[in-house]
Amino acid sequence: MASYVAAVDQGTTSTRTMIFDHSGNVVSVDQREHEQIFPKAGWVEHNAEEIWANTRATAAGALANADLTAAEIAAVGITNQRETTLVWDRKTGKPVYNAIVWQDTRTDRIVNELGALGGGQERYREKTGLPLATYFSGPKIKWILDNVDGARQRAEAGDLLFGNMDTWVLWNMTGGPDGGIHVTDPTNASRTMLMDLDTLSWDESIAADMGIPLSMLPEIRSSSEEYGKVRERGALAGVPIAGILGDQQAATFGQACLSPGEAKNTYGTGNFVLLNTGTEKVLSQNGLLTTVCYKIGDKDTVYALEGAIAVTGSLVQWLRDNLQMITSAAEIEEHARTVEDNGGAYFVPAFSGLFAPYWRSDARGAIVGLTRYVNKGHLARAVLEATAFQTREVIDAMNADSGVPLKTLKVDGGMVVNDLLMQFQADILGVSVIRPKVAETTALGAAYAAGLAVKYWESEEDIRSNWAKDKQWEPSMDESRREHEYHNWKKAVTKTFGWVE
Ligand code: ADP
């Protein structure tokens with residue numbers, strides 16, 4: 001038996017390949033950032049060929065860094081930024097347009113038109129678990145077919161393929177135009193707005209509403225099974241590809257949230273809270289999404305409730321890149337520590353409208369509560385607090401939907417190194433916040449899915465026993481201050497509505 005499992009993590013800002021050992025420890029990593037393309041206000045694109053080149057390079061890099069060969073890798077799993085939409089030519093492998101990224105809001109008109117067919121924002125909720133919003137892939141596919149010259153005709157002729165980034169990476173790894181397999185898993189498919197959550201198959205009537213030929217959609221297989229082998233060229237040549245999980249579901253798996261009632265929050269570009277609801281599909285009454293959590297081989301589908309928040313860590317990036325107020329993300333904590341509190345300032349980063357629990361595409365960002373007193377430190381605090389307040393809103397919604405209040409929150413992602421934020425998070429939630437030893441839960445989750453399929457790991461029990469705590473934060477804010485702050489935040493949110501007609 002080979003000694004390690006690899007995971008390709010195709011994220012929003014970068015692509016990495018990570019290699020794990022049997023205890024779930026990181027043995028090697030290689031990472032490359034790709035360009036964020038902003039052609040217009042509200043538009044966000046990625047160059048899919050750049051992403052594929054980075055994938056190949058990091059696979060080679062991760063092996064080289066630890067002096068390993070493909071023969072020592074038992075399987076590779078794929079995890080990816082979800083919803084991001086690509087259409088390419090099956091014969092040449094060339095994308096017909098850049099990948100349209102999940103944060104992109106260009107489909108707002110399409111989404112309104114679909115709602116106007118009847119049912120409004122709730123039109124597809126029952127089948128897909130999702131409200132009509134710019135976030136999801138289906139309307140992005142429609143935009144490409146409507147706006148790229150000849151695309152609809154080529155799609156109808158069967159020449160074009162759609163995929164999220166998992167499918168793009170898998171298709172290329174297995175040979176591209178030369179025999180590449182066109183497959184996705186139910187976690188990714190559940191974010192297209194085209195999949196029926198009960199049958200895990202494409203819904204013909206929704207695809208018809210959006211004018212999307214079924215022939216361009218990938219086959220939906222489980223999240224953990226052998227799909228194919230890496231083609232005989234490139235670093236991981238010959239290794240079975242045996243797991244696919246969308247990034248947030250992968251983090252849930254990697255955090256060992258394997259029983260109903262267990263939840264995690266990932267703090268990256270955006271924030272994503274997922275609550276495992278078991279084999280029962282719970283439709284939200286409070287602005288959350290219902291999504292597939294994972295499907296391991298032919299076992300029953302496990303579902304989740306999800307609170308997706310578009311802008312958290314990317315607000316810190318914005319401060320760094322657009323305002324140049326800090327030179328690194330870590331610096332924000334130093335500024336925040338120069339003051340005791342937010343000085344009355346609240347920053348609602350509705351840059352892509354507001355996702356959960358509001359789903360308002362007409363919202364845009366606002367900083368409120370400003371006085372002559374407010375300084376850079378207060379603003380730095382307001383930026384960090386925005387992440388914690390948005391998380392509180394989502395957890396409140398989850399508690400209301402599930403009827404069982406969350407007792408502890410497992411956290412991961414790039415922002416959880418920020419101690420001030422984690423303490424404020426525990427304070428504003430009033431529950432303990434726990435960070436695991438292996439913080440790379442996204443890649444780890446994909447590795448677990450692949451490793452289970454090839455019996456590198458025996459069962460989900462191995463995942464549980466690998467999980468270990470690194471640090472825990474306990475709430476220390478008094479109740480009246482907590483509720484006062486949260487009340488102000490809610491008021492600030494109302495100021496962001498109605499900016500787009
Ligand atoms: P993704 O997987 O979404 O690309 P990561 O999990 O790598 O993101 O997290 C990166 C995000 O975390 C960035 O948006 C960055 O601004 C933020 N971040 C990184 N370090 C810190 C820090 N010390 N304090 C606050 N935010 C941070």
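Leu 86 stands opposite Gly 163 of strand β8 in this predicted model. Helices and strands are DSSP runs numbered from the N terminus, a helix being H or I over at least four residues and a strand being E over at least two. Two strands are said to pair if DSSP finds at least two bridges between them. The model is a prediction in which local features need pLDDT of at least 70 and side-chain atom pairs count only at pLDDT 80 or more, whereas totals for chains, interfaces and linings use all residues. Residues are numbered from 1 along each chain as its sequence is written, and side-chain values use heavy atoms, with hydrogens and water left out.

Leu 86 belongs to strand β6, which spans residues 86-89. This strand runs antiparallel to β8 (residues 160-163), and four bridges join the two. In a regular strand the side chains alternate between the two faces of the sheet. In β6, Leu 86 and Trp 88 lie on one side and Val 87 and Asp 89 on the other, and all of them are buried, which leaves both faces of the strand covered. Here a residue is buried under 20% relative accessible area, exposed over 50% and partly exposed in between, as found with a 1.4 Å probe on protein chains only.

Helix α6 covers residues 165-173 and includes Asp 166; Trp 168 is also found in this helix. Trp 168 counts as buried because its relative accessibility is 1%. With contact taken as heavy atoms within 4.5 Å, and residues up to four places away in sequence not counted, Trp 168 touches Ala 48, Glu 49, Trp 52, Leu 86, Trp 88, Gly 93 and Pro 95. The side chain of Trp 168 also reaches the backbone oxygen of Ala 48 at 3.0 Å. Gly 377 is 209 residues from Trp 168 along the chain, and the C-alpha atoms of the two are separated by 43 Å.

Asp 166 is buried as well, yet has no salt bridge. A salt bridge requires a side-chain nitrogen of Lys or Arg within 4 Å of a carboxyl oxygen of Asp or Glu. Lys and Arg count as positive and Asp and Glu as negative, while His and the chain ends are not counted. The nearest side chain of opposite charge to Asp 166 is that of Arg 82, at 10 Å. The side chain of Asp 166 does make a polar contact of 2.6 Å with that of Thr 184. A polar contact is a pair of N or O atoms within 3.5 Å; within protein, one atom must be able to donate a hydrogen and the other to accept it, and residues adjacent in sequence count only if both atoms are side-chain atoms. Apart from neighbours within four places in sequence, the contacts of Asp 166 are Ile 78, Asn 80, Val 183, Thr 184, Asp 185, Asn 188 and Ile 244.

Six strands form an open sheet of mixed pairing, in the order β3-β2-β1-β5-β14-β13. Its edge strands, β3 (26-33) and β13 (224-229), each pair on one side only. On average, neighbouring strands of this sheet are turned by 25° against each other, direction ignored. Such angles run from 0 to 180 degrees between N-to-C directions, and the axes are lines fitted to C-alpha atoms, for helices over the stretch in contact. Within the sheet, β5 (residues 73-80) and β14 (residues 240-246) pair in the parallel sense over five bridges, and Gly 77 stands opposite Gly 243 in β14. Helix α1 (residues 48-65) packs on the sheet, where it touches β1 (4-10), β2 (14-20), β3 and β5, and its direction makes about 150° with that of β3. Helix α6 lies across β1, β5, β13 and β14 and runs at about 145° to β5.

A further open sheet, also with mixed pairing, has seven strands in the order β17-β18-β16-β15-β21-β22-β23. Strands β17 (289-294) and β23 (469-473) have a single partner strand each, so one side of each is left without a neighbour in the sheet. Neighbouring strands here are turned by 30° against each other on average, direction ignored. Three bridges link β15 (residues 263-267) to β21 (residues 408-412) in the parallel sense, and Thr 266 has Asp 412 in β21 as its bridge partner.

The peptide bond from Ala 356 to Pro 357 is cis, with omega near -5°, and Pro 357 is found in the loop between β19 (346-348) and β20 (366-368). Trp 359 is found in the loop between β19 and β20 and has a positive phi of about 55° although it is not a glycine. Trp 359 is buried, with a relative accessible area of 9%. Met 193, in the loop between α7 (186-189) and β10 (195-196), is another residue other than glycine with a positive phi, near 75°. Met 193 counts as buried, at 0% relative accessibility.
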